[in-house]
Every structure is written in C-alpha cells, then in structure tokens.
Amino acid sequence: MRTDRIYFDKPGDFGLWEQTCLPIGNGYMGASMFGGIRTERVVLNEKTFWAGGPCEARPDYYGGNHRDRFKYVRQVQEYLAAGENKKAEELLPMLTGDGDFGTYLLLCDMVLDFDLPDDNVSGYRRCLDLQNSLYTCEFTCSGVKHTREAFASYPARVIAFRFTASEKGALSFTLSLDKTHSGHITAENSTLVCSGAAEDNGLRFDARFRVYSDGEVISQDDRLRVCNASEAVVYFCAATDYDMKYPKYRTDTDPACVTTPLLHTAERLGWDALYDEHYNDYSALFGRVTLKINDEEKELPADKLLEAYRDGDRAAMNRLETLYFSYGRYLLISSSRTGSLPANLQGVWNESNTPPWCCDYHINVNLQMNYWGAYNTNLAETVPPLTDFLNSLREPGRVTAKEYYGIESTPENPENGWTAHTQCSPFGWTAPGWEFYWGWSTAAVAWLMQNLWEHYEFTGNRDYLRDSIYPIMRESVKFYVQWLIYDKKQDRMVSSPTYSPEHGPATVGNTYEQSLIEQLFIDFLKASAELNTDPELAGKVRELLPMLKPYHIGKNGLLKEWYEEDEPDFDRSKVQKNHRHISHLMGLFPGKQINHSHPELMNAAIATMNDRGDESTGWARAYKINLWARTGDGDRTYKLLRGLLESCTFQNLWDFHPPFQIDGNFGASAGIAEMLIQSHEEVIKLLPALPSEWHSGSFTGLCARGGYVIDASWNNGAVTHIRIMPKLGGKCVLEFPATGGKRTIGLNTEKGKTLEFSF
C-alpha cells in the first residue's frame, strides 16, 4: 500500500525554518521539527498567543477603529460620483485604522541537547508520515540506533515526543527552553514549567513539559536532565487566558488549570494509548480521501523529489502531485479543529515574534483560500473554527459599521450589520488597515460568507445552517442592503468607494465588490427560503439583486476590473498588468455566476486570465489553478500546478509567497480536487479539467454539493468506474468523459444507498 510521507536523509537547518522543518499540529498547538542529531530545536506555538488587543497599555482599545469616519466616506462617495477623483484621493487617508494591530507570537523553542559521541552517523532519515500523522527521526551512532518520534493529539490536546535508544542506558539528554517570554521557568518532579505573560498585552500563558523515562530524570533549576535511559517520553501542553469574547478577550481561568490536568491524563494514558486515540481521530478525517495519478511513482527525499520534478521525471511528478494534494489536507486537519482558532497565514506554525504580515487573518483572499479544500476534499469538520471566529467578529464589526459606514446597531435593533476589512485579529480588529490601498476591503466579509454557505451546500446540515451559519450571514446581508447606493452614471446600485486588492485606483462599484455582494445575495435567498424566514429582508434583497450588474466586458474583450476603465480619464498609474490578485474573477471561482451557461462571460474571463499571465507568487498560482479548472482547460490548469511546484515550493513542500504562506498549500490541494470533480453548475462533473498528463488514475472520497461522496477511476482519459455514496439522497446528474465522448446520466439516489457503475 502506498504511503504519503515527506522525508529527508539529512537534518534540517535551524536557520531555514520555513524551508526545512517538518510540522505537526492539533489545531490548538503546533511544533516544527528539524531532526537535529546532537541538538534538536523544536519550535512551539499556541494559537491564541498573540500580541495586541485590549490590555492595561491600551485602556481605550477600539478594534483599530477611528471614530466618526463615515462623514469622510460620504465625502469620498460624493467626489467619486462627481468625477472629482483627485479630491477623493486626498481624503482616503481618513478611511484607515489606527495601526496598533498586534501579531501572532512564537511561544518558545524546546531545545534538546543529546549526549552523543562525535562518531559518524549512519542510516539517517527524518520523516513526516501523513497517513499516520506521525513524525519520526532515525539514525545509528556508535552502533546504537536512536529513534525520535512526535505527534500532536487533538483529543488529548497535547504534543508528545518519544526518544528511544537500542541499548539500555544509551540515552541521555538535557531539555531546556529558548526564546521565551516574560515570566519564569521552574523544574520540579520531572516537569518543566514556563509561565508568564506576553510583554505587549499581559496575555497569560502556561507551557508544561512532563518527562517520563526508564532512566533518571533530574530537575536542574530551569531544565530537566534525563540520564542513562533507553526510553524517554515528553508530554507538552500550553494554554493562555485568551477568550474569544468581545470586548475583554480574557478568561479568569489560570492557564495552568488547563494544562495541568491535560498532562496528567496524557501521562496516565501513556504513549501507546495516547497515539492510538490520536490516530483514530486523525485517520477518520484523513483516510476518507485517496488519490492516485498514473501507475509509476518514485519515492525520494523531498528535496530530491522536487529536483526530479523540475527535471521532468514523470514518476517523480506523479508522486509529488499526489503528495502535495495529501499534504494540504494534512495541514488543514493539523491547524483547524473545533475549539481552536482558524488556520492563519501560516496555519499554526510560526518561528518569530515579528512574523510576515503579523501571521494574521487576511480576508482579501488568504483566509478564504485556507478553507477552499474543506468541502471537496471531505474535511467539513475543520470549518467550525472559521464559523466561530466570524461569529466573534460580529460585535466589534458593528462598531466598524457604525464609525465608517453609518450603519448603527442599537438596543432596539441589535444586529443591524457588521463588517471587517483586510486584516483581522483574534481581538476583534475589524477596522480598515492603516493604509487605504491595501486595508480597505468592504466586500471581504461577503466573500467569507461563501465559505460558510458552502458548508450547507456540501453537507445539507440544516441545523448547522440555522444555528451557526445563518445568523452571521443574515447580519452581513443587512449591512450590504443598507450600504449600497444608486449611481446615476452607472445606472446601478453600487458599493463606493471600492478598491480591488491590492492595486488600481479607488473607484465606484468595482467588479470585485459587486460580484461578491451579488453571490452573497443569491446564497442568502436560498438560505432564507430553506429556513422559511426573514421574508422582509429577502424581499429587499430580491429588489437589489438585479440592480448590481457586476460584470462588464471592456473594449479589449476582457472582463472589466473597474467599471470606468474604458473612460479616457481613468487613472492607470496604480494598475499593474500582471498583478498577483485577479479579484474581478470572483464570479468564476469561488463564485458560480461566470460559468459555461454564460459563454460571453466565460470567454471574457479566459481572455482576462491570458492577459494577466501565469507567473506569480505561490498563493496566486494556487488561485489560478482553481480559476482555470473552472474553465475546463485541464492542460492549462496543469501548467499552473507545475509552476507552483517548480517555482513556489520549499523543500519541505510549504508554499512560499515568498515568504511562507500556507494558503498556497490549501489552495492547490483544493484546486487539484477541482480538476477532478465540480458541482457548482447543478451537475456533478467528473474529471472536468483532467490534463493529458494524467492519463490514468483514481480517487476516493471526494465530495460534491448535495451530500455526495464519490470514488472514480479512469484510464486513457475515460472514466472506467464510479461509486457514489449519497448522504442525503435525491436526484443528481453525473457528467463524465467516457470512451467515445462525454456521457451524462441522471440518477435517483437514496440516502445511504451506494451506487456503482463500471464502463
């Protein structure tokens, strides 16, 4: 049986964290492993450990908002409507936040110094086994085989490390900490405790390391010493006093009250039982889906696999493409589980107290992309952290709606609309960024509503729709219903001012915002009808929907990004022809309104993508994989996938922008699934964007809207076998390539009754 594993035949470089580490995580915490021989450094993270937010140093914390900014927004609207763009630009600095944002923090490094002779080391291998969610490092030194293992358990909420030597008494090491924050470190009774508070905001933390060994464990002030052992296990747990509740964002519970019982339980269970519990939980998610491309595969160390891929080695290419797909699913499971914060720009892994872009929640593409693969790759259980996070932004988002948009919630009308912009934090930062030209993104929340609505489309979970998704969605719709204004020149309802991430001028009603609001309105009407609720709001949405008119084709045949771009006085000085963002194609993906039923829009979208080009950063290539997959052009889609793997992938298979951004991993994994199955056009299409390079293969467990789980095999580009498992039942239509041409079949399915076809 084929195993998905990323491995190396040499240790990683501590100075090249984002390129050479191997990550494990359980949603709450993350650990980055390097496989050092005599010294191992493990980078540790706890996802709620953040700088910023309300604290004694910020007694007037206001979520980044400046007060009473709507008057400036209204002036900008008036200037833009009158064509006085220069005057509008002069006021744009007033449409920003205060800049005191905060950042995701490194918790600490665990440093393990092993007593090993300087003899040559042989048989070295470090490996991340994706199927078993287990890290291992093995080597032989002076005739003694050393094995080091680690896994991050979601059920137990701990990370466990085990070190073994093949000879009794041959294992000795010191465990210490580095890069710690303000506080104190104590060692007592085989337990190392690091507790204190973040320097910026006083957020309390507690990190504990409990050591069990068949040798002697000695407590030495701020470190633990293991002597003359053959086995030692370290259980690690961390927590903070963060609470996802506005406006305090703190709990009164001492973090030690969380970590201490968790460590006691882990120690009581022991390594084997703890791993079995972890494996059963993890494999129930990861094991649902498999992918095989062609027949020949080559297993190589990850750095050599990348080299062979770049050299065009077909067996290596088959291997890397399926491995990268599986890695995206592994990373999502490891960085987003119920009860945790959602996956951020780096999932859960971070080596710095000043990480790129604050390692935040960017919502002008990045957070959305993190969850694109949650549904079609059968991981809907990873989405609740995103839902909970967005729900937590509603209260602070009402403050932003009031101060910048004049939309106020009152005791009489308490849920009157919320919004957020490009950067968000766990402390309710919903204000615009501190520069307009990247920080203003009025429709970003509308985009996020697609991530939530698709949960219902794929799972049919009506209770989750009613209780968790719909309240967030409804209040977002209330915001946009009040925000839109009529523009006489364009003869439509518009959002204004709009800015297309992250280039171009400020304009009226750009395609990015208009198309996202349109998709939200369409989805909301379906949701309200499904729940038979909010007829008055639904009526307003029906009136506004046909007046949005988001899509316009320019004189050059391209889909317009800005409505005004054909006008002679349009300001092109801020337009970048080959920009990484291609935000006016939201309707193609992840939206549904640019599709094969509208060939004029589809052709304009294709022309636009050709004009924008394929060269870009990692996440942008991943986005374009999904865009091209929706066109049905498999070979062009595959070209983007190859470009991503050849030019934007580190040796540990993390995506880079540069630097490392995990959304490229998630987006590409989703895009590979999109090449194999699509269901956004009321038909389930199998192999809709199959490249000629993938002449044969199979997949299991991919999902389609309507609650369908599907397995399929193909040979010479034609489907040879289909298994369809309806979770809900009902009528569906399958479309797939067959010998002699495309084939379409209609099915009446029953819940839980599997259907199989061979061709």
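Mentor: Buried means under 20% relative accessible area, exposed means over 50%, and partly exposed lies in between (1.4 Å probe, protein chains only). Helices (H or I, at least four residues) and strands (E, at least two) are DSSP runs numbered from the N terminus. This is a predicted model, in which local features need pLDDT of at least 70 and side-chain atom pairs count only at pLDDT 80 or more, while totals for chains, interfaces and linings use all residues. Residues are numbered from 1 along each chain as its sequence is written, and side-chain values use heavy atoms, with hydrogens and water left out.

Trainee: Which side chains of strand β19 are buried?

Mentor: Strand β19 covers residues 290-293, and its side chains alternate between two faces.

Trainee: Is Asp109 buried or exposed?

Mentor: Asp109 forms a salt bridge (a side-chain nitrogen of Lys or Arg within 4 Å of a carboxyl oxygen of Asp or Glu) with Lys179, and the closest N and O atoms are 3.7 Å apart. The pair links distant parts of the chain, 70 residues apart, with Asp109 in strand β7 (residues 108-114) and Lys179 in the loop between β12 (171-178) and β13 (183-188). Lys179, at 39% relative accessibility, counts as partly exposed, whereas Asp109, at 1%, counts as buried.

Trainee: How many residues apart in sequence are the parts that Glu267 and Arg210 tie together?

Mentor: Both residues are partly exposed, Glu267 with a relative accessible area of 27% and Arg210 at 21% relative accessibility. Their side chains meet in a salt bridge of 3.0 Å, N to O. Because Glu267 lies in helix α4 (residues 256-286) and Arg210 in strand β15 (residues 204-213), the separation of the parts they tie together is 57 residues.

Trainee: Where in the chain does Lys298 lie?

Mentor: Lys298 counts as partly exposed at 31% relative accessibility, and so does Asp313 at 22%. These two residues form a salt bridge, the closest N and O atoms being 2.5 Å apart. The pair spans 15 residues of sequence, with Asp313 in the loop between α5 (302-310) and α6 (314-335), and Lys298 in the loop between β19 and α5.

Trainee: Which residues are linked with Arg5 in a network of salt bridges?

Mentor: The structure holds 55 salt bridges. In one network of them, Arg5 is linked with Glu297, Glu299 and Arg319.

Trainee: Which element gives the most to the lining of the largest cavity?

Mentor: A cavity is a set of points on a 1 Å grid over the protein atoms alone where a 1.4 Å probe fits but cannot get out, and lining residues have an atom within 4 Å of a point. Grid points are joined across faces, edges and corners, and a volume is the space filled by probe spheres set on the points; the search finds five cavities of 30 Å³ or more, the largest holding about 160 Å³. Its lining has 18 residues, of which Trp372, Glu454, Phe589, Arg630 and Arg705 lie nearest its centre. The elements giving two or more residues are α8 (373-376), α12 (444-459) and β24 (677-678), and the one that gives the most, with five residues, is α12.

Trainee: From which strand comes the largest share of the lining of the second largest cavity?

Mentor: The second largest cavity has a volume of about 60 Å³, and the residues that line it include Met33, Leu112, Tyr135, Arg148 and Phe161. Strands β9 (134-141), β10 (144-153) and β11 (158-165) each supply at least two lining residues. The largest share, three residues, comes from β10.

Trainee: Which residue takes a positive phi just after α14?

Mentor: Helix α14 (residues 511-531) has 21 residues, and 18 of them are buried, which leaves the helix mostly covered. Just after this helix, a positive phi of about 55° is taken by Asn532.

Methods. On a 1 Å grid over the protein atoms alone, a cavity is a set of points where a 1.4 Å probe fits but cannot get out, and a pocket is an open set with protein on both sides within 12 Å along at least five of seven lines; lining residues have an atom within 4 Å of a point.
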